[in-house]
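Subject: Handover of a structure and its findings

Dear colleague,

Please find below the structure that I am handing over to you. My findings follow directly after it.

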Amino acid sequence: MTARIISGTEISKQIREELKNEIEMLRARHHVIPGLATVIVGNDPASQTYVGSKVRACQELGIFSANYPLPEETSEKELLYLIKTLNDDPRINGILVQVPLPKHIDENRVLTAISPDKDVDGFHPINIGRLVIGEKSLLPCTPAGIQQMLIRSNVDTEGAEVVVVGRSNIVGKPIANILLQKAAGANATVTVCHSATHDMANHTRRADILIAAIGKPRFITADMVKPGATVIDVGTNEIGKTPAGKRILCGDVDFDNVKAVASAITPVPGGVGPMTIVMLMANTVKAAKMAHGLK
Ligand SMILES: Nc1nc(=O)c2c([nH]1)NC[C@@H]1CN(c3ccc(C(=O)N[C@@H](CCC(=O)O)C(=O)O)cc3)C=[N+]21
């Protein structure tokens with residue numbers, strides 16, 4: 001068997017088209033233009049690449065974007081002041097502070113300072129809490145993107161065994177909670193594995209849907225995958241550079257061997273990454289509608 005490829009590039013294009021229409025409708029009917037502020041502290045090249053993609057996506061879709069590239073030595077106080085200003089700015093519906101932040105800044109304090117209504121990353125404790133209790137909230141972008149990939153490629157989660165490898169606050173914990181929800185129709189049986197899990201392969205081999213979010217290149221090997229499983233690869237590990245200086249990316253899944261066992265698999269690049277960006281745009285549109293009391 002060779003697995004069907006679930007293309008994040010294709011699915012994200014489809015969602016972009018839907019968003020474009022919705023944004024045009026908001027503008028024409030309600031005179032609303034969604035606005036996103038991106039804040040990046042320091043000059044990590046990978047972070048700059050991601051923020052660059054986000055800004056381009058805004059331009060393409062008709063979202064207003066305001067960008068705040070700040071020097072590495074920005075103090076926590078200055079950053080908190082900027083966030084307060086953005087919280088109060090009616091043109092801004094979404095605030096994204098790129099993580100990781102420099103070590104002298106308390107990341108939790110900063111993320112908690114963002115108004116929950118403008119928290120398009122879905123990292124604020126209020127939004128995490130709403131997700132866990134099954135209330136409507138802004139969902140973290142990578143997990144929301146994974147959910148859309150499953151829905152739009154007809155992978156049924158109802159009653160399925162889902163195994164998530166990785167327990168980060170930005171991927172592992174939220175995707176586990178999203179797929180566990182009954183109300184939203186996900187309704188899966190969810191196991192979360194991590195670095196202290198005994199006999200990890202024993203868990204992963206039971207998965208109908210295996211989600212790899214560990215941050216280790218090719219960690220998931222073919223012997224860890226149940227024949228016919230759907231495999232979602234969240235890894236974006238930089239394993240080198242091309243002679244031209246372009247980053248070479250590799251997922252958390254040993255793609256070439258696992259695709260012979262799985263029935264569906266996401267590639268890296270071109271899988272979860274592009275979905276993360278489009279869901280940020282979707283959250284910005286959602287936040288704009290909430291801000292204007294629109295359904
Ligand atoms: N506040 C915050 N929110 C984030 O959502 C956030 C963040 N901080 N910090 C870093 C991570 C990482 N992340 C990615 C987004 C897109 C791709 C992506 O589009 N990847 C392309 C390849 C891009 C390339 O070639 O470098 C792909 O997989 O096809 C990857 C990774 C968002 N993050």
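Buried residues make up 42% of the 295 residues in the chain, where buried stands for 20 or more other C-beta atoms within 10 Å of a residue's own, exposed for 12 or fewer, and partly exposed for anything in between, with C-beta atoms placed from the backbone. The model is predicted, and local features therefore need pLDDT of at least 70 while side-chain atom pairs count only at pLDDT 80 or more, whereas totals for chains, interfaces and linings use all residues. Residues are numbered from 1 along each chain as its sequence is written.

The chain holds 10 helices and 11 strands; these are DSSP runs numbered from the N terminus, with helices (H or I) of at least four residues and strands (E) of at least two. The radius of gyration of the chain is 19 Å, close to the 19 Å that the globule rule gives for 295 residues, so the chain is as compact as a globular protein of that length. That radius is taken over C-alpha atoms, and the globule rule is 2.2 Å times the number of residues to the power 0.38. Along the principal axes, the C-alpha atoms fill a box of roughly 50 × 40 × 35 Å. Among contacts between residues at least 6 apart in sequence, 69% join residues at least 24 apart; a contact requires C-beta atoms, placed from the backbone, within 7 Å of each other.

Domains

The domain assignment gives domain 1 (31-115) and domain 2 (141-273), with bounds that come from an automatic or database assignment. The C-alpha centres of domain 1 and domain 2 lie 28 Å apart. UniProt, in an unreviewed entry, lists residues 6-121 as "domain: Tetrahydrofolate dehydrogenase/cyclohydrolase catalytic". Residues 6-121 are 51% helix and 16% strand, and their end C-alpha atoms are 24 Å apart. The UniProt annotation "domain: Tetrahydrofolate dehydrogenase/cyclohydrolase NAD(P)-binding", also from an unreviewed entry, covers residues 140-290. Residues 140-290 are 32% helix and 19% strand, with end C-alpha atoms 17 Å apart. UniProt positions are given in the numbering used here, feature names are shortened, and annotations may be inferred rather than shown by experiment.

The ligand shell

There are 20 residues around the ligand, of which Gln98, Val99, Pro269, Gly273 and Thr276 come nearest; a residue is near a molecule or strand if its C-beta atom, placed from the backbone, lies within 6 Å of it. Domain 1 (31-115) and domain 2 (141-273) each contribute at least three residues to this shell. At least two residues come from each of helix H2 (45-61), strand E4 (94-97), strand E10 (247-250) and helix H10 (272-291). H10 gives the most, with four residues. By type, the shell divides into 10 nonpolar, eight polar and two charged residues. Here Ala, Val, Leu, Ile, Met, Phe, Trp, Tyr, Cys and Pro count as nonpolar, Asp, Glu, Lys and Arg as charged, and the others, Gly among them, as polar.

The annotated binding site

For "binding site", UniProt lists Gly166, Arg167, Ser168 and Thr236 in an unreviewed entry. Gly166 is placed in the loop between strand E5 (161-165) and helix H7 (172-180), and Gly166 counts as buried because it has 24 C-beta neighbours inside 10 Å. Beyond its neighbours within four places in sequence, Gly166 is in contact with Val171, Gly172, His194, Ala213 and Ile214. Thr236 is found in the loop between strand E8 (230-233) and strand E9 (237-241). With 19 C-beta neighbours inside 10 Å, Thr236 counts as partly exposed. Not counting residues up to four places away in sequence, Thr236 touches Leu249, Val268 and Gly273.

Backbone features

Most residues other than glycine have a negative phi, and most peptide bonds are trans. The peptide bond from Val99 to Pro100 is cis, with omega near 0°, and Pro100 lies in the loop between E4 and helix H4 (107-113). The bond from Val268 to Pro269 is also cis, with omega near -5°. His31 is not a glycine, yet has a positive phi of about 55°; His31 is exposed, with 8 other C-beta atoms within 10 Å. Asp199, not a glycine either, has a positive phi of about 45° and is exposed, with 9 other C-beta atoms within 10 Å.

Yours sincerely

Technical notes
Two residues are in contact if their C-beta atoms, placed from the backbone, lie within 7 Å.
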